[in-house]
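Me: I'm new to reading protein structures. Could you walk me through one, feature by feature?

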Amino acid sequence: MTSSTKETCDIPSINLKPFFREEGVVIGQAPTQDQLDVAATIHKACQEHGFVHVTQFGLTKEMGDRLFAASKELFDCPTKLQDYSPWHPSHNTGYSPFRNEALNTNRPPDLKEAFNVRFPPS
């Protein structure tokens, strides 16, 4: 008879809604109790898990749909290698093709492609 176990990992969910109200730290005042509670939850989650699932952070479904559509258009472009500036580690911006980067050089390249952007320095 074979026994199997299933391991699960519960990642804490963090609701950022208290930071989208016109009160507390959002308007330069002392944090509200809700904001303090969220901060404490984030602190604990980072110490115990290292990961969090963030909810209620201001992204609507419509915004998400537009972002995914723009991403699809960007990565489906047949001439992206010619059209996009190549990624370079000195500035970490530009297009990085599939399997171009390897965080751990002792392992195969990462199975991703990316287009990194940033705000210009002020």
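Reply: Here is a short tour, from the whole chain down to two residues. First, the ground rules: this is a predicted model, where local features need pLDDT of at least 70, side-chain atom pairs count only at pLDDT 80 or more, and totals for chains, interfaces and linings use all residues. Residues are numbered from 1 along each chain as its sequence is written, and side-chain values use heavy atoms, with hydrogens and water left out.

Me: Okay! How many helices and strands are there in the protein chain?

Reply: Helices (H or I, at least four residues) and strands (E, at least two) are DSSP runs, numbered from the N terminus. Here you get three helices and four strands. Read from the N terminus, their order is β-α-β-α-α-β-β.

Me: And what does the radius of gyration say about the protein chain?

Reply: That radius is taken over C-alpha atoms, and you hold it up against the globule rule, 2.2 Å times the number of residues to the power 0.38. The chain has a radius of gyration of 20 Å, while the rule gives 14 Å for 122 residues, so the chain is more spread out than a compact globule. Along its principal axes, the C-alpha trace spans about 60 × 50 × 30 Å.

Me: What share of the residues is buried?

Reply: Buried means under 20% relative accessible area, exposed over 50%, and partly exposed in between (1.4 Å probe, protein chains only). Of the 122 residues, 16% count as buried.

Me: Let's zoom in. Is Lys80 buried or exposed?

Reply: Lys80 is buried, because its relative accessible area is 15%. You'll find Lys80 in helix α3, residues 80-83.

Me: Which residues does Lys80 touch?

Reply: A contact means heavy atoms within 4.5 Å. Not counting residues up to four places away in sequence, Lys80 touches Leu74, Phe75, Tyr95 and Glu113. The Lys80 side chain also reaches the backbone oxygen of Phe75 at 2.5 Å.

Me: Now Asn15: where does Asn15 lie?

Reply: Asn15 sits in strand β1, residues 13-15. With 35% relative accessibility, Asn15 counts as partly exposed. Setting aside neighbours within four places in sequence, Asn15 is in contact with Val38, Thr55 and Gln56. The Asn15 side chain reaches the backbone nitrogen of Lys17 at 2.8 Å.

Me: How many residues apart in sequence are Asn15 and His88, and how many Å apart in space?

Reply: Asn15 and His88 are 73 residues apart in sequence and 35 Å apart in space, C-alpha to C-alpha.

Note on methods: Polar contact = N/O pair within 3.5 Å; in protein donor to acceptor, adjacent residues only side chain to side chain.
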